[in-house]
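Please keep the sequence and the structure in view while reading.

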Amino acid sequence: MSVYPLRQEEVSPGIGAALDALTEKGINYEVGLMGTMLWGEDNEIFLALLAAFRKAASVGRTTMVVTISNASPWPGKEE
């Protein structure tokens, strides 16, 4: 997941809002340089993505890009 606040003086509030939503939903995630990796059950992830987008959008105009895969192992989980 990548969140891009648009036409905002600061990008941190929008990105922080999205991450707060993930935390509130109890989603495991890892922040990277250009995006954030989430893992969990698909129904929980989709609801958390919606919450993250809505929370980021409440700060200002926002674009969210998401790649979804069932081929990536979860950190710490044996395949």
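Which elements each supply at least two residues of the lining of the largest pocket? In this predicted model, those elements are β3 (36-39) and α2 (42-59).

**Largest pocket**

- The space in the largest pocket comes to about 500 Å³, and 19 residues line this pocket, those closest to its centre being L38, W39, T67, I68 and S69.
- By residue class, the lining of the largest pocket consists of 12 nonpolar residues, six polar residues and one charged residue.

**Second largest pocket**

- The second largest pocket holds about 190 Å³ of space, and of the 13 residues in its lining, V3, I15, M34, G35 and T36 are the closest to its centre.
- Two or more residues of the lining of the second largest pocket come from each of β1 (2-5) and α1 (12-24).
- Nine nonpolar and four polar residues make up the lining of the second largest pocket, with no charged residue among them.

**Overall fold**

- The protein contains two helices and four strands, and, read from the N terminus, its elements follow the order β-α-β-β-α-β.
- The radius of gyration of the protein is 13 Å, which is close to the 12 Å given by the globule rule for 79 residues, so the protein is as compact as a globular protein of that length.
- Taken along the principal axes, the box that the C-alpha atoms of the protein fill is roughly 45 × 20 × 15 Å.
- Of the 79 residues in the protein, 27% are buried.
- When contacts between residues at least 6 apart in sequence are considered, 55% of them join residues that are at least 24 apart.

**Helix α1**

- Helix α1 is made up of 13 residues, and the distance from its first C-alpha to its last is 18 Å, close to the 18 Å expected at 1.5 Å a residue.
- The residues of α1 that are buried are G14, A17, A18, L19, A21 and L22, and the elements against which the buried residues of α1 pack are β1, β2 (28-31), β3 and α2.
- Just after α1 comes G26, a residue with a positive phi of about 75°.

**Residue T36**

- T36, already named among the residues closest to the centre of the second largest pocket, is part of strand β3.
- Is T36 buried or exposed? T36 has a relative accessible area of 11%, and because buried means under 20%, T36 counts as buried.
- Although T36 and M64 are 28 residues apart along the chain, their C-alpha atoms are separated by 11 Å.

**Residue R7**

- R7 is located in the loop that lies between β1 and α1, and the phi of R7 is near 55°, a positive value in a residue other than glycine.
- The relative accessibility of R7 is 77%, and because exposed means over 50%, R7 counts as exposed.

Note on methods
Residues are numbered from 1 along each chain as its sequence is written. This is a predicted model: local features need pLDDT of at least 70, side-chain atom pairs count only at pLDDT 80 or more; totals for chains, interfaces and linings use all residues. Side-chain values use heavy atoms; hydrogens and water are left out. On a 1 Å grid over the protein atoms alone, a cavity is a set of points where a 1.4 Å probe fits but cannot get out, and a pocket is an open set with protein on both sides within 12 Å along at least five of seven lines; lining residues have an atom within 4 Å of a point. Grid points are joined across faces, edges and corners, and a volume is the space filled by probe spheres set on the points. Ala, Val, Leu, Ile, Met, Phe, Trp, Tyr, Cys and Pro count as nonpolar, Asp, Glu, Lys and Arg as charged, and the others, Gly among them, as polar. The expected span of a helix is 1.5 Å times one less than its number of residues. Buried means under 20% relative accessible area, exposed over 50%, partly exposed in between (1.4 Å probe, protein chains only). Contact means heavy atoms within 4.5 Å. The radius of gyration is taken over C-alpha atoms; the globule rule is 2.2 Å times the number of residues to the power 0.38.
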